[in-house]
Amino acid sequence: MLEKRVVVCLDVRAGKTTKGVKFQGNVDIGDPVEMARMYYQAGVDELVFYDITASSEDRGIMVEVVSRVAREIFIPFAVGGGIGSLEDMRRVILAGAEKVSVNSQAVKKPEIIRQGADAFGVQCIVLGMDVFADPHKPSGYGVMINGGRVKTDLDAVTWAQEAEQLGAGEIVVNSIDADGTKDGYDLEVTRKISQAVGIPVVASGGAGTPEHLAEVLTSGKADAALVASMVHFGDYSVTQIKEHLRSRGIPVRMDWG
């Protein structure tokens, strides 16, 4: 079995790391540059930086913050939020990101996925999906954009498959219903999408204990698990999470330090 990845997410608003529940009630919790350095030193496998209000505010991403974070870490680093053109992607990559995450702008302009993959390589293009339970959709899940503010007509599984065909190299599946609750990932939607595509799937939204990661990496069929609240608020460390996963027979990287 390939090593599974633990990914820490830094949601950033107005230059500060922030966290809410189900995309609401966000509170600022720290400086993203300092937090990125701390998680890198703690042995996290990857970091994701989301400028969570860039799309809803119709502006570009905060490249200066991206650049400051990139100077502090030496692990894969994905950046998303308001990226809607090749030039946006180029700016982020030149600022130090290894991956570019497209979400709302990809729904509005799906061709940006293919353009990005052609220009920078499939491995650079990540599709971020904010999903929610919707019994009217074939898969039982729909897709929202603009930071969970706007519903679309898309079915989550169908959109994941289309994005893969367009050239996405990875998909981050974020459950709005589970986001920030610490009650566990949405195993069903993660499993459905993981089984429907042939590219890595990262589970996001709902992590509260190391066992939640073990569940989504096994029964949820995810290739990686993203965490935020459970580490931001000191409930668990990256080391504790990885030690638990290893105790459950799940291969993870433990050779930092």
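Modeller: T190 sits in helix α7, residues 187–196. Helices here are DSSP runs of H or I with at least four residues, strands are runs of E with at least two, and both are numbered from the N terminus. This is a predicted model: local features need pLDDT of at least 70, side-chain atom pairs count only at pLDDT 80 or more, and totals for chains, interfaces and linings use all residues. Residues are numbered from 1 along each chain as its sequence is written, and side-chain values use heavy atoms, with hydrogens and water left out.

Is T190 buried or exposed? T190 is buried, with a relative accessible area of 2%. Buried means under 20% relative accessible area, exposed over 50%, and partly exposed in between, with a 1.4 Å probe and protein chains only. A polar atom of the T190 side chain lies 2.8 Å from the backbone oxygen of D186.

Now look at what surrounds T190. Not counting residues up to four places away in sequence, T190 touches V201, A203, V216, G220 and A222. Contact means heavy atoms within 4.5 Å.

V216 leads us to helix α8, residues 210–218. There V216 is buried, along with P210, H212, L213, A214 and L217. The cover over the buried residues of α8 includes α7. It also includes β1 (5–13), β11 (201–204), β12 (224–227), α9 (229–232) and α10 (238–247).

UniProt, in an unreviewed entry, places the feature "active site" at D11 and D130. These two span 120 residues in sequence, yet no two of their C-alpha atoms are more than 13.7 Å apart, so they gather at one spot. UniProt positions follow the numbering used here, feature names are shortened, and annotations may be inferred rather than shown by experiment.

D11 is in strand β1. D11 is buried, at 15% relative accessible area. D130 is in strand β7, residues 125–133. D130 is buried too, at 9%. The side chain of D130 makes a polar contact with the side chain of N103, at 3.3 Å. A polar contact is a pair of N or O atoms within 3.5 Å; within protein, one must be able to donate a hydrogen and the other to accept it, and residues adjacent in sequence count only if both atoms are side-chain atoms.
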